[in-house]
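User: I would like to learn how to read a structure feature by feature. Please give the general idea each time, then the case at hand.

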Amino acid sequence: MTRSERPQVLNHELSPSGRGRRAAEAAWRIEWPRLVAGLTRMFGDIDAAEDLAQDALLAALEQWPRDGVPPNPGAWLMLTAKHRAIDRHRRDATFRRKLSVLGGEFVIEDAEQPLPASVDPDLAIEDDLLRMVFTACHPVLQPPARVALTLRLVGGLTTGEIARAYLVPESTVAQRIVRAKRRLATEQIPYEVPSGEDLASRLDSVLNVIYLIFNEGYTATSGEDWVRIELVEEGLRLGRILTGLIPDAPEVHGLAALLELQSSRVWARSGASGTLVLLADQNRSRWDRLLIRRGFAELGRAHALNHQQRRPPGRYALQAAIAAAHAMAATPEETEWPRIAGLYAVLAQRFPSPIVELNRAVAISMVDGPGAGLELLEAIAGSGALSDYHLLHAVRGDLLGRLGRDEEAATSWRQAAELTANVAEQNFLRDRANAGVHRRARSAPTIDPL
Amino acid sequence: MRYLLLIQINPDAAGAAGPDERLAEQMGTLLEDMTKAGVLLDTAGLRPIEEATRIRLANGKQTVIDGPFTESKEVIGGYCLLQARSKDEAVEWASRFLALHGPDWEMGIEIRQLDDPV
C-alpha cells in the first residue's frame with residue numbers, strides 16, 4: 001500500500017463529557033489522599049472523611065463533564081465536600097450526632113465561606129497528609145494493618161488493588177482496614193504529627209512501613225513471581241512523597257535513596273517468565289541510569305543533612321551507600337567489596353541484626369574468601385536466629401560450593417528451597433542444587449544485598 | 001508506568017514576550033506539586049529550535065541539516081518524564097500545565113507511555 005492509499009485516520013477527539021468524566025476520575029485519584037486527610041482533621045473521623053470525599057466525586061462526575069474541569073480541582077473537591085457536610089449536617093440527625101461526638105475541628109460557620117481562589121491551602125494540606133501518614137503507621141497497629149492503611153489512605157489504592165498486589169482476597173484487606181480504623185478510634189489516637197521524643201520512633205515506624213511495602217514487591221515472599229512491580233512502584237512513590245512531606249529528616253532521604261537505587265535494578269533482576277537473576281549475573285546495561293542518578297542525589301541530601309545536624313548516617317543511608325557501591329561497579333569484578341564489607345560492619349555495629357550479619361558474611365567472603373564468610377555464617381547459624389530463613393541456607397550453599405564441598409552445598413540449597421514460599425526462588429535454588437557440581441567455578445554470592 | 005510529556009509550542013504564539021515571571025513562578029509551583037506527589041521524575045526546557053541540528057538517514061545515506069527549521073509550526077520546547085498510575089493521570093497533569101498559559105499561547109502536549117524494559 002502506498003502512502004496515498006492509506007486510509008485516513010481521524011484523531012479521536014474526546015467529547016467534552018467524556019473528557020470531563022475521565023478528568024474527574026483522574027483528578028479525584030490524584031487528590032483523594034489529601035482530600036481525605038484534610039477532611040479527617042475537620043471531622044475527626046476517617047470514615048466520615050471517606051464518605052464526604054465520595055460525595056465530592058459524585059458531584060464532580062455530574063458537573064465537570066457539563067461545565068469543564070475547574071482550574072484547581074483539589075480546592076474544588078474540598079469545598080464541595082465541606083458543602084456536602086453542611087447539607088448532611090442539616091438534614092441528617094445521625095450525621096449530626098456523629099460529628100458532635102467526634103469533636104473534629106469543623107465549624108459550620110467556617111465552612112459556609114467559600115474558599116477564596118487566591119488562598120493557597122497547600123501548606124495546611126501537606127500537614128494533613130503528614131498527620132495521616134503518622135496515623136496510618138501508628139505503633140498501636142500491627143505491621144500488616146499499618147501497611148494496608150498506608151496503601152489505602154496515603155497511596156490512595158483501592159482495597160481491590162491492595163488485595164491483588166498481596167495475592168490475598170479483597171475481603172481480607174477490607175477487614176484489616178476496618179479493624180485498623182476501629183483500633184485507632186478506640187485507642188483514641190490523636191490525629192497529629194508527633195513531636196519531641198516521640199518523633200524519632202514514630203518516624204522509624206513510617207519508614208519501616210514504606211520499606212516493607214517496597215521489599216514485598218522487590219523480593220516477593222510468596223507467589224509465582226520474584227518481583228511484583230506494582231508494590232515496587234508504590235513503595236518508591238510513597239518514599240518520594242515522604243521526602244516532600246519531611247524534607248529535613250536525613251533518613252527520609254536515606255530511604256528514598258535506597259529505594260531509587262534498588263529500583264534501578266528491578267528489570268535486570270527478573271529474567272524471562274519471572275525467573276530470578278542475581279546481582280552478579282545481571283546485564284548491567286539494563287540498570288536504570290535515571291533512577292541511579294536520582295538515588296545518588298537523595299543519598300547526597302541524606303549525607304548533607306546528617307552533616308548539618310551532626311548525626312551519623314542512619315540505617316537506610318548506610319544501606320543506600322551499599323546499594324550505591326554496587327551501582328558504581330560497571331562489572332561484578334569491579335565491585336568494591338572491602339568498602340561494602342566496611343559499610344556492613346558499621347551497620348552491624350550500629351543496628352545489630354542477624355540479617356545484617358548474614359549480608360556481612362557474604363561481603364567478607366568476597367574480601368577474605370569463602371572460608372572466612374562461612375565462619376561468620378556458622379556463628380549466626382549457631383545462635384539459631386535465622387534457622388528458618390531460606391537465605392541463610394542459600395548463602396551457606398554458596399560458600400560451601402565455592403569451597404568445593406558440593407554435596408553439602410546441594411543439601412543447603414535444597415533446604416533453602418523448602419523454606420521459601422516464592423516459586424521463582426524455589427526453582428532457582430533447586431536448579432542450583434542439581435547443577436552444583438558443574439558450576440563450582442562460580443564465585444558469585446547467592447544472596448543479594450539487603 | 002512512565003509517561004513522556006513532549007511539550008510542543010507554536011513559537012509565533014508563545015505569549016507576548018515568552019514566559020514571564022508570573023508564569024515561571026506558577027510553573028515552578030506546579031513542578032514542585034508534581035515532585036511532592038511522587039510523579040515528576042525528570043524535566044527540562046529546550047534551547048530554541050534555531051540552534052538545533054537534524055541528522056537524517058534515508059536510502060542508506062545520512063544528511064546533516066542545521067536550523068532554523070521554519071517549516072515546523074510547532075516545536076518541542078521541553079519535556080517532563082512522569083511516573084503515573086494511568087494515562088488519565090498523566091493527561092490530568094499535562095492539562096494542569098497547559099492551564100497555566102494564557103490565551104496568547106498556542107501549544108500542545110504529546111503524551112507517550114515509555115515501553116517497559118524487556
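User: How many residues does chain A have, and what share of them count as buried?

Analyst: Buried means under 20% relative accessible area, exposed means over 50%, and partly exposed is in between (1.4 Å probe, protein chains only). Chain A has 450 residues, and 54% of them count as buried. This is a predicted model, in which local features need pLDDT of at least 70 and side-chain atom pairs count only at pLDDT 80 or more, while totals for chains, interfaces and linings use all residues. Residues are numbered from 1 along each chain as its sequence is written, chains are lettered from A and ligands numbered from 1 in the order in which they are written, and side-chain values use heavy atoms, with hydrogens and water left out.

User: What does the secondary structure of chain A come to?

Analyst: Helices (H or I, at least four residues) and strands (E, at least two) are DSSP runs, numbered from the N terminus. For chain A the count is 20 helices and two strands. Contact means heavy atoms within 4.5 Å. Of the contacts in chain A with a separation of 6 or more, 67% are between residues 24 or more positions apart.

User: Which residues have the most contacts inside the largest nonpolar core?

Analyst: A nonpolar core is a set of buried Ala, Val, Leu, Ile, Met, Phe, Trp, Tyr and Cys residues joined through side-chain atoms within 4.5 Å. The largest one has 114 residues, and L39(A), L242(A) and I246(A) have the most contacts inside it. Another core, of 22 residues, lies apart from it and includes A14(B), A94(B), W105(B) and I109(B). Not counting residues up to four places away in sequence, L242(A) touches V133(A), V206(A), L207(A), I210(A) and V252(A).

User: Is L400(A) buried or exposed?

Analyst: L400(A) has a relative accessible area of 4%, so it is buried. Its place is in helix α18 (residues 390-402) of chain A. With neighbours within four places in sequence set aside, L400(A) contacts L374(A), R405(A), E408(A), A409(A) and S412(A). G373(A) is 27 residues from L400(A) along the chain, and their C-alpha atoms are 9.9 Å apart.

User: How many salt bridges does a search of the whole structure find?

Analyst: Side chains of opposite charge can pair when their charged atoms come close. The rule for a salt bridge is a side-chain nitrogen of Lys or Arg within 4 Å of a carboxyl oxygen of Asp or Glu. Over all chains the search finds 31. In one of them, D128(A) pairs with R41(A), with the closest N and O atoms 2.6 Å apart. D128(A) belongs to helix α6 (residues 122-136) and R41(A) to helix α1 (residues 16-43) of chain A, so this pair links parts of the chain 87 residues apart.

Analyst: E260(A) is in helix α12 (residues 250-263) and R294(A) in helix α13 (residues 289-308) of chain A, so their pair ties together parts 34 residues apart in sequence. The closest N and O atoms of this salt bridge are 3.2 Å apart. E260(A) and R294(A) are both buried. In another salt bridge, R183(A) meets E187(A) at 2.9 Å, N to O. R183(A) is partly exposed, with a relative accessible area of 34%, and E187(A) is partly exposed at 39%.

User: How many residues does each chain bring to the contact between chain B and chain A?

Analyst: Chain B gives 22 residues and chain A gives 27. Buried area is the accessible area (1.4 Å probe) that two parts lose on being put together, summed over both. Between chain B and chain A it is about 2,200 Å², with 47% given by carbon and sulfur atoms. Five salt bridges are counted between the two chains. E89(B) and R29(A) form a salt bridge, their closest N and O atoms being 3.5 Å apart. On the side of chain B that touches chain A, α1 (21-36), β2 (40-45), β5 (75-83) and α2 (87-99) of chain B each supply at least two residues. The largest share, seven residues, comes from α2(B).
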